[in-house]
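Take a look at the model below. This report walks through its ligand site, its rings and a few backbone details.

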Amino acid sequence: MAEESKQVDPKINNEVVKEVVESKNAPEQDASDDDPANRAAGNSDAVAAEASSKKKKSKKKKLKSILTGSKDNKENTAEAGPSSSSEPPKLNIKGNMVEQLLQANPSLKPEVAGLSKSQAEDMLSKLKLEDLLTGMSIGGKNQKDMASYKFWSTQPVARFDDKPDVEEGPIKIIDPEKVPSDPAPLIEGFEWVTMDLNDEKELEEVYDLLTYHYVEDDEAMFRFNYSASFFGWALKSPGWTKDWHVGVRATQSRKLVAFISGVPVDIRVRDKVVKCSEINFLCIHKKLRSKRLAPVLIKEITRRCYRVGVQQAVYTGGVVLPKPVSSCRYFHRSLDWLKLYEVGFSPMPAKSTKARQITKYHLPGSTSTNGLRQMQEKDVDAVCDLLNRYLKRFEFAPNFTKEEVYHWLLHKEGTTPEQVVWSYVVEEPGTGKIIDFFSFYLLESSVIGNKKHDCVRAAYLFYYATETAFQPNALESGALKVRLNALMHDALILAKRYNFDVFNALTLLDNPLFLQDQKFGAGDGQLHYYLYNYRVAPISGGVDQNNDPDPTKMGGVGLVML
Ligand SMILES: CCCCCCCCCCCCCC(=O)SCCNC(=O)CCNC(=O)[C@H](O)C(C)(C)COP(=O)(O)OP(=O)(O)OC[C@H]1O[C@@H](n2cnc3c(N)ncnc32)[C@H](O)[C@@H]1OP(=O)(O)O
């Protein structure tokens, strides 16, 4: 999932604030309770665990407006988060522990001052080395105690207290024969559907649901505005099956009210290749939020994956769940600074002016790399070879087939109403060999309630690769940095040419080598990477302990998810 991330006001850039401690009292459920395979073997019903019959009655009442399509339902309460009514006693210890805490993360200084001893201890226990490595100590806002994850604590996922030297591999082995052949029943008035995205009407329904109910930023200023072409691209990749496009409809109104999807992907985690379902576009109608429907959807897509022998999944999110494999930070490069300022995305830095900001982000009209041109069908083999060699340099990355390169990276003129992906190759002058390649995709965001602008065209940096990486000492000599900066500068120029307003990138791949030089600003979004039913030792997210891009922390995440 892409995350809505806004450019951080430079004034507050490094003031990272976290939620720290909360009660640990809730008992943990046995993981087997929620496992579809165990359900088949006679264990407690997963849906029953989510919704007691009492709750069902009140839900039925609240959901009436959806069933009938009326708009008068005001019920949309968020689930109560952790709260503490009493003021914690001030910390009056000067011991080792606090020093350790501050040493581990100096940016915590303002927070430590007001902590009780037990809170500080708790915080320290959360600030393990692996958390620093994955960026979790910084992006861990919203993290709850394991037992407070009523659903996730029952699932085969890594836990926050797992040791960093875990043996990597599946958490449990599923026998597809024992997985129920039918979905668990939904509450009355709703039914499961498999969406047929080859049917334009159904594609449109998914598009509508996501347009109005998918990810918004915290202040609800922007909302992703996926195009129908984008969904064709994202959800019909090689090996896709319509069985993994799962919807929930209101029986009476036939309205699509929830969706979750998966597409197959092989991910290499260090030296092992894991056959995964890449889960994305989990979305629940706003009026059905906080009613424990998300766990039901997740269990249903899990059942469908298990049934066909796919036992692992990869997914990303802005929320902290047990437990990220890695966490990367969003960066944004203004292409049309004035527009971004006017829509409230980019702040005006202290002592700057509009004119200065516009000049700062000005780009030349033409690219400068010799041999740069749009990728064509004839480049698929060369790009596949270069990209796979490049991605082997990362611990957590896909391995592309030629079909996948064709699907994900090649824009096929005239096949979709809107272009979704832009890919370029560099043909070595003289030899014609493909020596570099880069790509970005389009994801528009609607601007909510702005009189002047209704959308922001964002380019998301996708995959890239360069032969320069394989030169001896490419990193130490600075050659890789120089080459990537030249390529990314051209990528920015091309994105500007195609009327993009902003260029987004994470701290994954080799991005820390160019983010700052290319005037990317830090965003307020963090993207956490997760694996389902697979344990791994922590993987670096390309950031240091202050959440800044760090070239010494590269080599971790090589997977770019939409
Ligand atoms: C082998 C195959 C396995 C396949 C499955 C692999 C796993 C795939 C996992 C899915 C990967 C999706 C990747 C993407 O698409 S990430 C994009 C997620 N979508 C959005 O943010 C769109 C806008 N938001 C919504 O539509 C809803 O708020 C959603 C649907 C997100 C939650 O609905 P709602 O707000 O009404 O909540 P609830 O009362 O029903 O349920 C509350 C429970 O749900 C847990 N929750 C909340 N948000 C997420 C989240 N983003 N991933 C996983 N779990 C999440 C939450 O911690 C709590 O559990 P626990 O804290 O009590 O334990």
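## The ligand and its polar contacts

How far does a backbone N or O atom of Phe151 lie from an oxygen atom of the ligand? The distance is 2.9 Å. Keep in mind that this is a predicted model, and every value in this report is computed from it.

A polar backbone atom of Ala294 is 2.8 Å from an oxygen atom of the ligand. For Phe281, a polar backbone atom is 3.2 Å from a ligand oxygen atom. The ligand on its own has 1200 Å² of accessible area, and the protein covers 91% of it.

## The shell around the ligand

There are 35 residues around the ligand. Those that come nearest are Trp152, Leu282, Ser290, Arg292 and Ala294. Sorted by class, the shell has 23 nonpolar residues, 7 polar ones and 5 charged ones.

## Aromatic pairs

Now turn to the rings. A search of the whole structure finds 39 aromatic pairs. One of them joins Phe231 and Phe281. Their ring centres are 5.3 Å apart. Their planes meet at 75 degrees, and planes over 60 degrees apart count as edge-to-face, so this pair is edge-to-face.

Why does this pair tie together parts that are 50 residues apart in sequence? Phe231 lies in helix H11 (residues 228-235), while Phe281 lies in strand S6 (residues 272-284), so the pair links the two. Both partners are buried. Phe231 has a relative accessibility of 0%, so Phe231 counts as buried. Phe281 has a relative accessible area of 2%, and Phe281 is buried too. Recall that Phe281 also has a polar backbone atom 3.2 Å from a ligand oxygen atom.

## Charges over rings

Two side chains with a charge sit over aromatic faces. Arg393 lies over the face of Tyr390, at 4.6 Å from the ring centre. Lys412 lies over the face of Tyr406, also at 4.6 Å from the ring centre.

## Backbone details

Most residues other than glycine have a negative phi, and most peptide bonds are trans. A few places in this model go the other way.

Is the peptide bond from Pro322 to Lys323 cis or trans? The bond is cis, with omega near -25 degrees. Lys323 is placed in the loop between strand S7 and strand S8 (326-334).

Two asparagines have a positive phi. For Asn473, phi is near 55 degrees. Asn473 is found in the loop between strand S13 (455-466) and helix H17 (479-497). For Asn533, phi is about 60 degrees. Asn533 is found in the loop between strand S15 and strand S16 (534-535). Is Asn533 buried or exposed? Its relative accessible area is 0%, and under 20% counts as buried, so Asn533 is buried.

## Sequence distance and space

How do positions along the chain relate to positions in space? Start with Ser446, in strand S12 (residues 434-447). Ser446 and Phe224 are 222 residues apart along the chain, yet their C-alpha atoms are separated by 6.2 Å. Ser446 has 14% relative accessibility, and Ser446 counts as buried.

Next comes Leu515, in the loop between strand S14 (502-506) and strand S15 (521-532). Leu515 and Arg333 are 182 residues apart in sequence. In space they are 8.5 Å apart, C-alpha to C-alpha. Leu515 is buried, with a relative accessible area of 0%.

Tyr463 gives another case. Tyr463 is found in strand S13. Tyr463 and Asn499 are 36 residues apart in sequence, and 20 Å apart in space, C-alpha to C-alpha. Tyr463 is buried, with a relative accessible area of 2%.

Terms used. Residues are numbered from 1 along each chain as its sequence is written. This is a predicted model: local features need pLDDT of at least 70, side-chain atom pairs count only at pLDDT 80 or more; totals for chains, interfaces and linings use all residues. Side-chain values use heavy atoms; hydrogens and water are left out. Rings of Phe, Tyr and Trp (its six-membered ring) pair if their centres lie within 6.5 Å; planes under 30 degrees apart count as stacked, over 60 as edge-to-face and the rest as tilted. Helices (H or I, at least four residues) and strands (E, at least two) are DSSP runs, numbered from the N terminus. Buried means under 20% relative accessible area, exposed over 50%, partly exposed in between (1.4 Å probe, protein chains only). A charge sits over a ring if NZ of Lys or CZ of Arg is within 6 Å of the ring centre and within 35 degrees of the ring normal. A residue is near a molecule or strand if one of its heavy atoms lies within 4 Å of it. A polar contact is a pair of N or O atoms within 3.5 Å; within protein, one must be able to donate a hydrogen and the other to accept it, and residues adjacent in sequence count only if both atoms are side-chain atoms. Accessible areas come from the Shrake-Rupley method with a 1.4 Å probe; for residues, only the protein chains shown count as cover. Ala, Val, Leu, Ile, Met, Phe, Trp, Tyr, Cys and Pro count as nonpolar, Asp, Glu, Lys and Arg as charged, and the others, Gly among them, as polar.
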